[in-house]
Amino acid sequence: MSPGSVVVTLDKSSNISLLEVDDSDTSVFLEKQKTASTKQFSWLLLLKAQRFLSFFPWLTMGFSKTFVSVKKRIALSDSVKDEVKYKERIMYRFIRAFLAISIVALVVEVFAYFQNWDLNFIPNEAMGLLHLSYMGWISFRTEYIAPSITMLSQFCVLLFLIQSLDRFILGIGFFWIKIKKIKPMIDIDDQSYDLEDPSSFPMVLVQIPMCNEREVYQQSIAAACQLDWPKDRILIQILDDSSDEVLQILIRNEVNLWVEKGVNIIYRHRFVRTGYKAGNLHSAMSCDYVKNYEFVAILDADFQPNPDFLKLTVPHFKGKPDLGLVQARWSFVNKDENLLTRLQNINLCFHFEVEQQVNGHFLNFFGFNGTAGVWRIKALEDSGGWLERTTVEDMDIAVRAHLNGWKFIYLNDVKVLCELPESYEAYKKQQHRWHSGPMQLFRLCLPAILSSKISKWKKTNLIFLFFLLRKMILPFYSFTLFCVILPLTMFIPEAELPIWVICYVPVTMSILNIIPSPKSFPFLMPYLLFENTMSVTKFNAMISGLFQLGSAYEWVVTKKTGRSSESDLLAFAERESKSFNEEKIQRRLSESGLEMFGKLKEEQESSPVIEKKKNKIYRRELALAFLLLTAATRSLLSAHGIHFYFLLFQGLSFLVVGLDLIGEQVN
């Protein structure tokens, strides 16, 4: 046995009793293993470095594509047309003037900074004329301008704190409802009708108003026709306001297909489209057969309720003769489509799960969302029916019903599928209507509210909370404080805003807003910046509605993509038999195929070339972007850390929105 061997003796003789291990071989093996580990570690470091370096070409390529897209977008924009359009807007002229003054002020401040003028406040004979003028400007702004700016900022901060307190109280109500697991319950003791007996079901009218909804009309009709309700106790009205004759034929044919299947559905078309959606609903309710129905469910063209929608909503009316409305929640099929839809989802989740749910539970009142709700027809008639006086007919009828003593219920567990606007253009027009309409309504309803017989507490809630605080004060302080006063204080540092106003409180409120959609927490900062960006649109809409400016009565149907139909159409296709599909094709060919072909041919020959869909340039947002970036540059001279970063990122946010890079991108 060699001296370098090791002897190991085992207890059991049946096993191996002797083991020889050469120390020299062991040391070689360990040395090889150490060398291999070093090589593996080196390769791991090289792999990590390669992945890190590959990020830069990807980032460069992304910026390059974005730059090319923006350059092409600017080149293709109709600058003359857009300029004429925006010259007519007072706000755009104000922002441009503010921007020009800010640029001049920035040049002066940069020059004074490098000349160290701001360090010498004692006038002397050695000072030049420019230096003396600059010192006079500092004295003037400190004595006369700064106090006015400070008073305005304090007023806006006060409004900001009041609105934040309102949000905080709503949040407490939301957590209370969650902890106590409170939700509206059906009165099972009342036997006014038995859901097991079809003959005892109440008569329900389903209305689907639509206007040129080519992308979504099929699935909305299909979803309504599959509602689980006795066929002789339901009537579906397709209220078509389409101006496209070919689309009218398509919708009429779709209705006829369901009629032949035994569904109680009718098609109505108005030749004179007055009053928009309100006029359409008012016309439908004037039909003689409506008096035979007790409830009416309203569904917009892109909404697809589950088959049990009526069975989950209508029973809540049992034993509650003062209940006028049951509102369901919206659910969004395309909430993850792009950054714009994700940010909209945060806002609307807070609206439904917090605002609607809390107001519904504690006040029995909230704004009707215009769709996915069931009304008691008697409540509509007692409140004066649908009126065409504003662009928010849903809020109008809700306020009038509340003044007449009707109560509302909100069902957070009943969700109706729909889609969000995917382009910034569509979203901006939607928000303009949603924020100008309430101000129109406030002007018209204020005398009725003051003279109504409801309690003083309800009047106070309606005037100060529902209208003033949430519809007028919110866009006012948001735009004025963060888009006007904050950049202004960079050039008038004597009126500087405290850090908690521009950082701590907004972030806290954003966290509160995002709680109902916890998966959206990574988008907290984009959400905060985007809300401030949208404040210019909401402020402009609020002013136009309050003072009856021209754009206050604009009604543009929100563009749909039909994304909400994909899963439902697949499921529907599986349920349909092959024979019915064959009959459907034959019937289309025989009854209306020639008519449609003729209409399409006429339309192609007579109509002009349709303008292709494209992204736009929004000059007002771009002007604000450059204004905020100019203020951010000025803040560097004063070493304002938080102010600089806020202005920088807020300016970049306006820039992204102004170049239409946030929503749907058209190649």
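The UniProt annotation "transmembrane region", from an unreviewed entry, covers residues 90-114, 151-177, 462-491, 497-515 and 622-637; such positions follow the numbering used here, feature names are shortened, and annotations may be inferred rather than shown by experiment. Residues are numbered from 1 along each chain as its sequence is written. The model is predicted, with local features requiring pLDDT of at least 70 and side-chain atom pairs pLDDT 80 or more, while totals for chains, interfaces and linings use all residues, and side-chain values use heavy atoms, without hydrogens and water.

Residues 90-114 are 100% helix and 0% strand, with end C-alpha atoms 37 Å apart. Residues 151-177 are likewise 100% helix and 0% strand, and their end C-alpha atoms lie 39 Å apart. Helices (H or I, at least four residues) and strands (E, at least two) are DSSP runs numbered from the N terminus.

Leu161, Ile499, Trp500, Tyr504 and Ile642 form a nonpolar surface patch of about 450 Å². Helix H14 (residues 499-514) supplies the largest share, three residues. Isoleucine 642 belongs to helix H19 (residues 641-658) and counts as partly exposed because its relative accessibility is 37%; the class lies between buried (under 20% relative accessible area) and exposed (over 50%), with a 1.4 Å probe and protein chains only.

Helix H6 (residues 245-260) has 16 residues, which at 1.5 Å a residue should span 22 Å, in agreement with the 23 Å between its end C-alpha atoms. Its buried residues include Val246, Leu250, Asn253, Glu254 and Trp258. Aspartate 244 caps the N-terminal end of H6, with a side-chain oxygen 3.0 Å from the backbone nitrogen of valine 246. Just after H6, glycine 262 adopts a positive phi of about 100°.

How values were computed: Patch = residues over 30% accessible without salt bridge, like charges linked within 9 Å, V, L, I, M, F, W, Y side chains within 5 Å. Areas by Shrake-Rupley, 256 points an atom, 1.4 Å probe, with all protein chains shown as cover. Salt bridge = Lys/Arg side-chain N within 4 Å of Asp/Glu carboxyl O. Expected span 1.5 Å × (residues − 1). Polar contact = N/O pair within 3.5 Å; in protein donor to acceptor, adjacent residues only side chain to side chain.
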